[in-house]
Amino acid sequence: YLCQNDQLKLASPSSLIFSDLLSLQAKLSVLREPFLSNESQSDDESIHDFISRRFNTELADLLGHALKGIWAGDAKMLSAQAALPFLKELEDSYGSIFAGLIKKPKAPKKQTNTLQTCSFINGMSSFCEALGTYIGEEQILRETDARLLSYDGERYLLEINSQQITCDHLILATKAYQAAE
């Protein structure tokens, strides 16, 4: 589901065609996808660039919003090859995502579900606690506003509580939208 105008809307591939989440132009871009060249401008194309090239920017933006919940990252920075290898394989093998979906032989259904979720026994906080023990509690700043002033490829310069601090490694344990700030 995606939220638009304070309403949750189903965002499965088939429901997108009949919803108002996409313009008519974006919906029609799906029909022209099989006829497009599969020449990428880059060896490691971003998800946003890949979807824009195969469909259009509007669809790439929509997918980018959906993928934020999965990858907690910007679709303009995430590798399509790494994050969406199935779609890249269809394009590479069949010249088109849709042609690949139609032509690719169906894999036999497996008896067991191979997808599993996992976590730490005492929840995700146990990871942070173990990290704190490993690096030392005195190195951890909690509930602190921080601002990145610069990064030269090796060291970070931060402003924390009106003081400048330099460090080699920086771990942000916060919500993705807060880390983005």
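Is serine 46 buried or exposed? Serine 46 is buried, with a relative accessible area of 8%.

## Model and confidence

This is a predicted model. The mean pLDDT of the protein is 83, and 94% of the residues score at least 70.

## Serine 46

Serine 46 sits in the loop between helix H2 (24-32) and H3. Its relative accessible area of 8% falls under the 20% limit, so the residue counts as buried.

What does serine 46 touch, apart from its neighbours within four places in sequence? Its contacts are Ala75, Lys76, Met77, Leu78 and Ala80.

Helix H2 has buried residues: Ala26, Lys27, Ser29 and Val30. They span an arc of only 150 degrees around the axis, so they lie on the same side of H2. Leu24, Gln25 and Leu31 are on the other side, and they are exposed.

Which helices does the buried side meet? The buried residues of H2 pack against helix H1 (13-18), H3, H4 and H7.

## Aromatic pairs

How many aromatic pairs does a search of the whole structure find? It finds two. One is formed by phenylalanine 55 and phenylalanine 98, with 6.0 Å centre to centre and 80 degrees between the planes.

Phenylalanine 55 lies in the loop between helix H3 (47-54) and helix H4 (57-71), while phenylalanine 98 belongs to helix H7 (residues 97-103). The pair therefore ties together parts that are 43 residues apart in sequence. Phenylalanine 55 is buried, at 7% relative accessible area. Phenylalanine 98 is partly exposed, at 29%.

Tyrosine 151 and tyrosine 156 also form an aromatic pair. Their rings are stacked, at 4.3 Å centre to centre and 25 degrees between the planes. Tyrosine 151 is partly exposed, with a relative accessible area of 42%.

## The three-stranded sheet

Three strands make an open sheet in the order E3-E4-E5, with antiparallel pairing. Strand E3 (146-151) and strand E5 (163-167) are the edge strands, since each pairs on one side only. From one strand to the next, the twist averages 30 degrees.

E3 and strand E4 (residues 156-160) run antiparallel and are joined by five bridges. Alanine 146 stands opposite isoleucine 160 in E4. In general, strands of a sheet pair through backbone hydrogen bonds.

Most residues other than glycine have a negative phi. Asparagine 161 lies in the loop between E4 and E5. At 57% relative accessibility, asparagine 161 counts as exposed.

Serine 162 is found in the loop between E4 and E5. Its phi is also positive, at about 65 degrees, and it is not a glycine. Serine 162 counts as exposed, at 71% relative accessibility.

Technical notes: Residues numbered from 1 in each chain as written. Predicted model: local features only at pLDDT ≥ 70, side-chain atom pairs only at ≥ 80, totals over all residues. Heavy atoms only, no water. Phe/Tyr/Trp six-rings, centres within 6.5 Å; stacked < 30°, edge-to-face > 60°. Helix = DSSP H or I, 4+ residues; strand = E, 2+ residues; numbered from the N terminus. Buried < 20%, exposed > 50% of the residue type's maximum accessible area, 1.4 Å probe, protein only. Contact = heavy atoms within 4.5 Å. Pairing = 2+ DSSP bridges. Axes fitted to C-alpha atoms, helices over the stretch in contact; angles between N-to-C directions. Arc of directions from axis to C-beta. pLDDT = per-residue confidence, 0-100.
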